[in-house]
Amino acid sequence: MKRLLLAPLLLPALTVAASAQQIDLGGLGQADGTTVGYIIQMFGLLTILSVAPGLLIMVTSFTRFTIAFSILRAGMGLQSAPANLILISLSLFMTFYVMAPAVDQAWTTGVQPLMNNEISQAVAVERIAAPFRDFMARNVRDKDFDLFADLARERGATQLTRETVDLRVLVPAFMISEIRRGFEIGFLIVLPFLVIDLIVATITMAMGMMMLPPTVISLPFKIMFFVLIDGWNLLVGSLVRSFS
């Protein structure tokens, strides 16, 4: 678990530290090197704490999981069951499961050599980012990638292949791809529940039960249907297999 949490979060800290070496610190540059290094480390730590939630959402599978689970709960007509904490926790641990190979590679090739002083910070940043770049490149839609690539070309960017493109082009393309796929999966999830609602509404209207909301009657049928088909097993398995 420690490896899963630390490897992706070291990327912004290393980037900050590598960039700080190129900044003219003025009078501070004449100070003791240990003091300057300590300041940079503290700044990197604060950066990790501030961008960690956004980084988890931007470059991992977390977005697709949360959208699918939220639509599932809405489609069943449940307001707070499962609770947000449960859905977010499940999405988080499923993200750890899906991203484990990328995190292991980032840890082995980037973090450990850096901790052993075998490589520089700039090289470590590239090695840590490489597996996450590969993951995003495999799962981004061609249409979404082409959109941001064309926008980058309008601003004079070059070398916009998936293997060499800048992360500021790949990350937003990957995010909108994940949002779209999350809604696609959500539509397939909510469709059978919609059919149950329509059937129950038709029956209650035919029986003249105008004052009774159809959702009150359809809710136990939707829960029973989801349990009988072992819905959580099917949904979680399908979501994990949807990533290449």
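This is a predicted model: local features need pLDDT of at least 70, side-chain atom pairs count only at pLDDT 80 or more; totals for chains, interfaces and linings use all residues.
## Overall make-up

The protein has nine helices and zero strands. Read from the N terminus, its elements run α-α-α-α-α-α-α-α-α. The chain has 244 residues, and 38% of them count as buried. Contacts across the sequence carry much of the picture. Among contacts with a separation of 6 or more, 76% join residues 24 or more positions apart.

## The core

The largest nonpolar core holds 37 residues. Those with the most contacts inside it are Phe-65, Phe-69, Leu-72, Met-99, Phe-135, Met-136 and Leu-239. At least two core residues come from each of helix H2 (33-59), helix H3 (62-76), helix H4 (84-115), helix H5 (121-139), helix H6 (142-154), helix H7 (167-206) and helix H9 (231-241). H4 gives the largest share, nine residues.

Leaving out residues up to four places away in sequence, Met-136 touches Met-58, Val-59, Leu-167, Leu-170, Val-171 and Phe-174.

Two packed helices are described by the angle between their axes and the distance between the axes.

| Pair | Axes come within | Crossing angle |
|---|---|---|
| H4 and H9 | 11 Å | roughly 45 degrees |
| H5 and H7 | 9 Å | roughly 45 degrees |
| H6 and H7 | 8 Å | roughly 145 degrees |

**H4 with H9.** The axes cross at roughly 45 degrees, so H4 is oblique to H9. H4 passes H9 in a right-handed crossing. On the H4 side, the contact uses Leu-87, Leu-90, Met-94, Tyr-97 and Val-98. On the H9 side, it uses Trp-232, Val-236, Leu-239 and Val-240. By class, this contact has nine nonpolar, no polar and no charged residues.

**H5 with H7.** Here too the axes cross at roughly 45 degrees, which makes H5 oblique to H7. The crossing is left-handed. H5 brings Ala-129, Arg-133, Phe-135, Met-136, Ala-137 and Asn-139. H7 brings Leu-167, Leu-170, Val-171, Phe-174, Ser-177, Glu-178 and Arg-181. These residues divide into eight nonpolar, two polar and three charged.

**H6 with H7.** H6 passes H7 in a right-handed crossing. Asp-144, Phe-145, Leu-147, Phe-148, Ala-149 and Ala-152 in H6 meet Val-169, Leu-170, Pro-172, Ala-173, Ile-176 and Ser-177 in H7. By class, the contact of H6 with H7 has ten nonpolar, one polar and one charged residues.

Which residues of H9 are buried? They are Gly-231, Leu-235, Gly-237 and Leu-239. The buried residues of H9 pack against H3, H4, H7 and helix H8 (214-228).

Asp-230 sits in the loop between H8 and H9. Most residues other than glycine have a negative phi. Asp-230 is not a glycine, yet its phi is positive, about 55 degrees. Its relative accessibility is 43%, so Asp-230 counts as partly exposed.

## Two more single residues

Is Thr-63 buried or exposed? Thr-63 is buried, because its relative accessible area is 10%, and the cut-off for buried is under 20%. Thr-63 lies in helix H3. Not counting residues up to four places away in sequence, Thr-63 touches Ile-57, Glu-178 and Ile-179.

Asp-104 belongs to helix H4. Its relative accessibility is 33%, so Asp-104 counts as partly exposed. Asp-104 and Pro-131 are 27 residues apart along the chain, and their C-alpha atoms are separated by 9.1 Å.

Key:
Residues are numbered from 1 along each chain as its sequence is written. Side-chain values use heavy atoms; hydrogens and water are left out. A nonpolar core is a set of buried Ala, Val, Leu, Ile, Met, Phe, Trp, Tyr and Cys residues joined through side-chain atoms within 4.5 Å. Buried means under 20% relative accessible area, exposed over 50%, partly exposed in between (1.4 Å probe, protein chains only). Helices (H or I, at least four residues) and strands (E, at least two) are DSSP runs, numbered from the N terminus. Contact means heavy atoms within 4.5 Å. Axes are lines fitted to C-alpha atoms, for helices over the stretch in contact, and angles run from 0 to 180 degrees between N-to-C directions. Angles under 35 degrees count as roughly parallel, over 145 as roughly antiparallel, 65 to 115 as roughly perpendicular and the rest as oblique. A crossing is left-handed if the near helix is turned anticlockwise from the far one by less than a right angle, and right-handed if clockwise. Ala, Val, Leu, Ile, Met, Phe, Trp, Tyr, Cys and Pro count as nonpolar, Asp, Glu, Lys and Arg as charged, and the others, Gly among them, as polar.
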